[in-house]
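Me: I have a structure open that is new to me. Could you walk me through it?
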Amino acid sequence: MKREQVFEFFRRLAEANPSPTTELESANPYQLLVAVVLSAQATDASVNIATRPLFERIKTPEQMVDFGEYRLRQAIKAIGLFNTKAKNVIALSHALIDHHGGEVPRTREELQALPGVGRKTANVVLNTAFGEETFAVDTHVYRVCNRTGLAPGKNVEEVEAKLEKIVPQPFRRDAHHWLILHGRYTCKARLPECWRCPVIDLCRYKPKTAPPKERTKSSAARTATRASSAARIAKGRTALRPTANRNRSRPTRLP
């Protein structure tokens with residue numbers, strides 16, 4: 001996209017949702033860090049269900065260590081990969097206590113040094129907890145950036161680098177939230193809802209999805225066409241089938 005198109009892209013997303021934020025529930029940076037670690041290959045909704053009762057009693061890494069890995073596993077067992085995630089959460093809690101005075105660090109390098117914390121998790125924490133202008137690229141952001149042509153890339157690193165380069169002010173701090181929410185609720189993986197997309201004219205995705213009513217009519221028309229075609233074929237086959245002549249005389253037997 002051209003520079004003015006990129007600006008207009010984010011301007012429209014901002015107009016539709018002026019205050020975007022993560023859907024993960026937390027009350028402080030530590031809880032946010034834990035929630036993001038737990039959200040890998042899981043939905044935010046499923047993580048919130050598990051962490052609501054957990055976060056009522058666990059607000060610091062010290063409390064998490066006292067809680068213990070076994071009880072943590074039981075608390076998050078509805079989340080995928082809960083065994084590995086519980087181990088990482090306890091380990092990162094120990095690391096925060098031993099090396100950071102129990103506080104969540106504010107640099108990407110220090111965050112990524114924690115067990116179970118990758119670049120995307122670090123970017124989410126830096127952005128959401130500390131207001132840094134970072135671009136966390138998950139599956140939704142990756143899809144939207146490639147599908148629309150906003151910031152295409154072969155991998156998440158390339159997409160992040162392009163977003164870092166092209167996203168203008170005043171949209172940089174909230175850009176990845178707009179992209180995540182747009183991908184989650186509008187530019188969906190299987191069936192993008194193009195008919196209600198605010199940036200449809202800026203998007204390079206060519207097979208635009210029609211509104212539900214039009215798709216229903218189109219589907220009905222295709223069904224009728226297939227039925228008509230099948231009927232014609234069946235009629236043609238019937239016409240070609242030889243008809244038995246019951247009155248045909250039999251040959252006379254030889255004596």
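Me: Which residues do the ring pairs link into a cluster?
Reply: This is a predicted model. In it, ring pairs join F7, F9, F10, F171 and W178 into a cluster.

Me: How many aromatic pairs are there?
Reply: The count comes to 4 aromatic pairs. One of them is formed by F10 and F171, which are stacked, at 6.2 Å centre to centre and with 20° between the planes.

Me: Where do F10 and F171 lie?
Reply: F10 belongs to helix α1 (residues 3-16), while F171 is in the loop between α10 (156-166) and α11. The pair therefore ties together parts that are 161 residues apart in sequence.

Me: And what about F171 and W178?
Reply: Their ring centres are 6.1 Å apart and the planes are at 70°, so that pair is edge-to-face.

Me: Which ring does R147 lie over?
Reply: R147 lies over the face of Y205, at 5.0 Å from the ring centre.

Me: Let us step back to the overall fold. How many helices and strands does the protein have?
Reply: The protein has 12 helices and 0 strands. Of its 255 residues, 39% count as buried. Among contacts between residues at least 6 apart in sequence, 58% join residues at least 24 apart.

Me: How many residues of α2 are buried?
Reply: Helix α2 (residues 29-38) is mostly covered, with 9 of its 10 residues buried. Those buried residues are Y30, Q31, L32, L33, V34, A35, V36, V37 and L38.

Me: What do they pack against?
Reply: The buried residues of α2 pack against α3 (44-57), α4 (61-67), α6 (82-100) and α8 (119-130).

Me: What happens at the start of α2?
Reply: There, a side-chain oxygen of N28 comes to within 3.0 Å of the backbone nitrogen of Y30.

Me: Which residues touch the most other members of the largest nonpolar core?
Reply: That core has 35 residues, and Y30, L33, M64 and L72 touch the most other members. Two or more residues come from each of α2, α3, α4, α6 and α8. Helix α2 gives the most to this core, with 8 residues.

Me: What is L72 in contact with?
Reply: Leaving aside neighbours within four places in sequence, L72 is in contact with L54, M64, F67, A86, V89 and I90. There is also a second, separate core of 24 residues, which includes C145, L163, I180 and C197.

Me: On cysteines, how many disulfides are there?
Reply: The count comes to 0 disulfides. C145 is in none, and the nearest cysteine sulfur to it, that of C187, is 9.8 Å away. C197 is in no disulfide either, as the nearest cysteine sulfur, that of C203, is 6.3 Å away. For a disulfide, the two sulfur atoms would have to be within 2.5 Å.

Me: Are C145 and C197 buried or exposed?
Reply: C145 is buried, with a relative accessible area of 0%. C197 is buried as well, with a relative accessible area of 16%. The cut-off is under 20%, so C197 falls within the buried class.

Me: Another spot: where is L181?
Reply: L181 is in helix α11 (residues 175-185). At 15% relative accessibility, L181 counts as buried.

Me: What does L181 touch?
Reply: Not counting residues up to four places away in sequence, L181 touches N17, P20, T21, E23 and T186. L181 and N17 are 164 residues apart in sequence and 9.5 Å apart in space, C-alpha to C-alpha.

Me: Last one. Where is R57, and what does R57 touch?
Reply: R57 is in helix α3. With residues up to four places away in sequence not counted, R57 touches Q63, F67 and R71. The C-alpha atoms of R57 and F67 are separated by 9.3 Å, and these two residues are 10 residues apart along the chain.

Technical notes. Residues are numbered from 1 along each chain as its sequence is written. This is a predicted model: local features need pLDDT of at least 70, side-chain atom pairs count only at pLDDT 80 or more; totals for chains, interfaces and linings use all residues. Side-chain values use heavy atoms; hydrogens and water are left out. Buried means under 20% relative accessible area, exposed over 50%, partly exposed in between (1.4 Å probe, protein chains only). Helices (H or I, at least four residues) and strands (E, at least two) are DSSP runs, numbered from the N terminus. Contact means heavy atoms within 4.5 Å. A polar contact is a pair of N or O atoms within 3.5 Å; within protein, one must be able to donate a hydrogen and the other to accept it, and residues adjacent in sequence count only if both atoms are side-chain atoms. A nonpolar core is a set of buried Ala, Val, Leu, Ile, Met, Phe, Trp, Tyr and Cys residues joined through side-chain atoms within 4.5 Å. Rings of Phe, Tyr and Trp (its six-membered ring) pair if their centres lie within 6.5 Å; planes under 30 degrees apart count as stacked, over 60 as edge-to-face and the rest as tilted. A charge sits over a ring if NZ of Lys or CZ of Arg is within 6 Å of the ring centre and within 35 degrees of the ring normal.
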